[in-house]
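Reader: I would like to go through a structure with you before I set up any calculations. Could you take my questions one at a time?

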Amino acid sequence: MIDTIYVEQSVRGHPRVRQILGRFPAARVIGCERYGEVFNPKAQNFRLQKHRPALILAEKFKNFVLPAPAGYGIGAMRNYYFSHLLNCLYDCRYCFLQGMYQSANYLLFVNYEDFHDEIRRLAAESPGEQTHFFSGYDCDSLALEPVSRFAESFLSLFRDLPDAWIELRTKSTQIRTLLAMQPVPNVVVAFSFTPEATAAAVEDKTPAPAKRLAAARRLQDRGWSVGLRFDPVIFQTDWQTQYRALFEQVFSQLEVARLHSVSLGAFRLPEAFFRRMSSLYPEERLFAGPLDSQQGMVSYRRELEQALLDFCRTEILKYVPGEKFFPCRT
Amino acid sequence: MPPSVNRMSGCNGGFVHFIVALPAEAKPLVSHYRLKRRPGDDAFAIFEKEGISLTVSGIGKAATANAIGYTQVLYGKRRNSVWLNIGVAGHHAAPLGSAWIGHKITDAETGRRWYPGICFRTHCPSAEIRTVAQPETEYALDCLYDMEASAFAESACRFSTGELVHCIKVISDNRESVIWDIDPSRVSAYVEGAIGIILHTKQALRHLAAELTPLPEVDTAPWTARWHFTAQQRLQLEKLLRRWRVSSGDRVLPDPPNLERSRQVLAWLDGLIAALPVHLPPAP
């Protein structure tokens with residue numbers, strides 16, 4: 001899976017680095033001074049690197065946890081996100097990471113304890129008030145779990161911070177770590193879904209939605225809080241039939257009363273990201289669709305976007321009470 | 001006849017440029033690929049055939065950088081061609097004749113580093129290459145020593161993406177067999193011995209480069225001949241024609257109706273595209 005690993009000089013002796021290198025005895029291991037030497041140069045191509053992404057093991061020094069964008073949330077007033085990992089195992093054509101980074105290599109910050117400290121500090125700022133931390137903003141929270149052991153490390157932290165909640169956002173079925181531990185009540189495992197035909201078209205390398213659903217069901221059966229994320233909503237001819245079928249399938253297989261939250265989001269990208277993505281994949285039909293650019297953001301044309309969101313909202317609310325529904329307002 | 005969408009761009013994403021320092025390194029490649037010497041008065045010895053060029057740069061960083069710039073301009077300033085630096089190098093212990101691909105290139109003089117992205121299955125081991133100004137005889141570090149790779153990486157990455165820019169080095173000297181013993185025939189023999197690896201690398205990179213071949217440009221000429229478009233409208237027209245091509249699966253456009261103004265033409269095209277069914281095909 002990973003045949004090249006770059007290791008920053010400063011973390012060569014880090015126990016997490018040694019453990020990861022031990023998993024890939026055949027990988028070429030290349031030393032570097034700072035990850036930016038590998039991750040940031042201009043002469044790189046995200047599309048080509050997606051063929052064989054390398055893993056970069058590095059140390060983060062600041063900005064461990066950042067305020068979440070306005071409108072991003074599932075019920076709390078205080079919302080933060082953090083990125084222990086940049087980039088994703090999967091290859092979703094709509095994903096903004098393709099437009100944000102020069103490199104498709106996985107950049108893993110191994111100093112988890114520094115993230116822990118910052119999360120503890122922020123949670124302690126307002127005792128008794130819920131603070132939500134989102135971990136799947138720049139990556140899939142669980143897809144690389146066998147390598148990163150991220151959930152294993154962070155969920156023990158959250159077990160001791162009852163007012164702090166963490167969302168693990170994923171399309172993965174890597175739930176072994178979670179199944180092996182007692183459910184942590186303030187953890188939401190949030191699975192992203194698009195209709196089967198859309199997933200087959202634009203979510204390359206991901207588990208099929210039916211498999212994600214089975215994983216969500218298993219977690220729910222074991223007592224974990226599960227969330228559902230219909231984000232982004234993607235347009236195709238027949239979209240109503242496809243989304244109606246998806247909602248029927250998902251809500252018939254999960255116990256709705258025990259769902260933590262359901263959110264819905266539009267397909268939206270900063271214009272500069274969109275330009276970069278469509279030049280990486282000029283043949284991509286998704287990018288030739290009925291899109292419009294308004295105030296620096298590319299999205300479906302206003303009336304179409306409204307129709308998509310209205311329809312999905314109406315359908316979702318047939319199954320889910322309003323207090324569990326969180327349309328994304330970014 | 002409706003105006004057409006396509007026009008041949010003349011761009012070939014899979015062009016391969018070999019850069020070698022010595023005629024003895026060039027010889028096996030020229031022979032294997034049956035390259036022909038370019039006639040005329042070039043600044044470097046250049047051999048070629050369709051889709052491949054080989055430039056003999058001479059020894060050292062300056063010669064290499066110049067050769068790459070010359071080659072890039074000579075072959076039409078193509079973006080995202082494959083660039084391969086083939087040559088001999090020293091190592092403290094690696095066996096003579098063994099071939100290596102560079103995964104990190106360090107300029108010993110400046111300390112600058114490059115990390116060529118290896119996005120394909122290699123047929124040889126990889127190593128750091130340190131580029132030095134004078135032949136290395138101490139082999140103090142666990143790396144390959146050469147005299148061109150850093151200039152090669154720096155210059156070629158101006159014209160192509162790093163994943164398509166690679167160095168393959170064949171060991172010509174080590175602590176057991178010093179650099180002063182090398183003669184041209186041995187250099188040729190070492191490179192000859194690595195032909196299989198070079199061939200595989202070239203093929204793999206060409207395959208990757210093909211992914212970056214731009215779509216043919218859209219042809220706006222028949223449209224601009226019939227209607228007057230402002231500069232802004234021309235951009236809109238190009239964008240719409242590209243969208244039509246991708247969304248329709250490259251179908252021929254129907255005849256435009258009798259429209260007077262360019263604004264109406266753009267609206268007609270936009271409506272035509274909006275009426276197309278949107279089916280996202282399964283990922284290959």
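Predicted model: local features only at pLDDT ≥ 70, side-chain atom pairs only at ≥ 80, totals over all residues.

Reader: Let us begin with β3 of chain A. Which way do its side chains point, and are they buried or exposed?

Author: Strand β3 covers residues 55-58 of chain A. A:Leu55 and A:Leu57 point one way, A:Ile56 and A:Ala58 point the other way, and all are buried. In a regular strand, side chains alternate between the two faces of the sheet.

Reader: Which strands pair with β3(A), and over how many bridges?

Author: Strand β1 (residues 4-8) of chain A pairs with β3(A) in the parallel sense over 3 bridges. Strand β8 (residues 106-109) of chain A also pairs with β3(A) in the parallel sense, over 4 bridges. A:Leu55 stands opposite A:Ile5 and opposite A:Tyr106 in β8(A).

Reader: Next, the 8-stranded sheet in chain A. What is the strand order?

Author: The order is β4-β5-β9-β10-β11-β13-β14-β18, in an open sheet with mixed pairing. Its edge strands are β4 (65-67) and β18 (325-327), each pairing on one side only. From one strand to the next, the twist averages 25 degrees.

Reader: How do β11 and β13 of chain A run relative to each other?

Author: Strands β11 (residues 187-192) and β13 (residues 225-233) of chain A run parallel and are joined by 5 bridges. Within this pair, A:Val189 stands opposite A:Val226.

Reader: Which helices lie across these strands?

Author: Among them is α5 (residues 112-125) of chain A, which lies across β4, β5, β9 and β10 and runs at about 175 degrees to β5(A). Another is α11 (residues 239-253) of chain A, lying across β13 and β14 at about 175 degrees to β13(A).

Reader: Where is the cis peptide bond that involves A:Pro232?

Author: The bond runs from A:Asp231 to A:Pro232, with omega near 5 degrees. A:Pro232 is placed in strand β13 of chain A. Most peptide bonds are trans.

Reader: Turning to chain B, what is the phi of B:Arg34, and what is that of B:Asn80?

Author: Phi is near 50 degrees for B:Arg34 and about 55 degrees for B:Asn80. B:Arg34 lies in the loop between α1 and β2 of chain B, whereas B:Asn80 is in the loop between α2 and β5 of chain B.

Reader: Why does B:Asn80 count as buried?

Author: B:Asn80 counts as buried because its relative accessibility is 19%, and the cut-off is under 20%. B:Arg34 is exposed, with a relative accessible area of 67%.

Reader: Finally, how far apart do the domain centres of chain B lie?

Author: The C-alpha centres of domain 1 and domain 2 of chain B lie 47 Å apart. The domain assignment gives 16-211 for domain 1 and 221-274 for domain 2.

Note on methods:
Residues numbered from 1 in each chain as written. Chains lettered and ligands numbered in written order. Heavy atoms only, no water. Buried < 20%, exposed > 50% of the residue type's maximum accessible area, 1.4 Å probe, protein only. Helix = DSSP H or I, 4+ residues; strand = E, 2+ residues; numbered from the N terminus. Pairing = 2+ DSSP bridges. Domains from an automatic or database assignment. Axes fitted to C-alpha atoms, helices over the stretch in contact; angles between N-to-C directions. Contact = heavy atoms within 4.5 Å.
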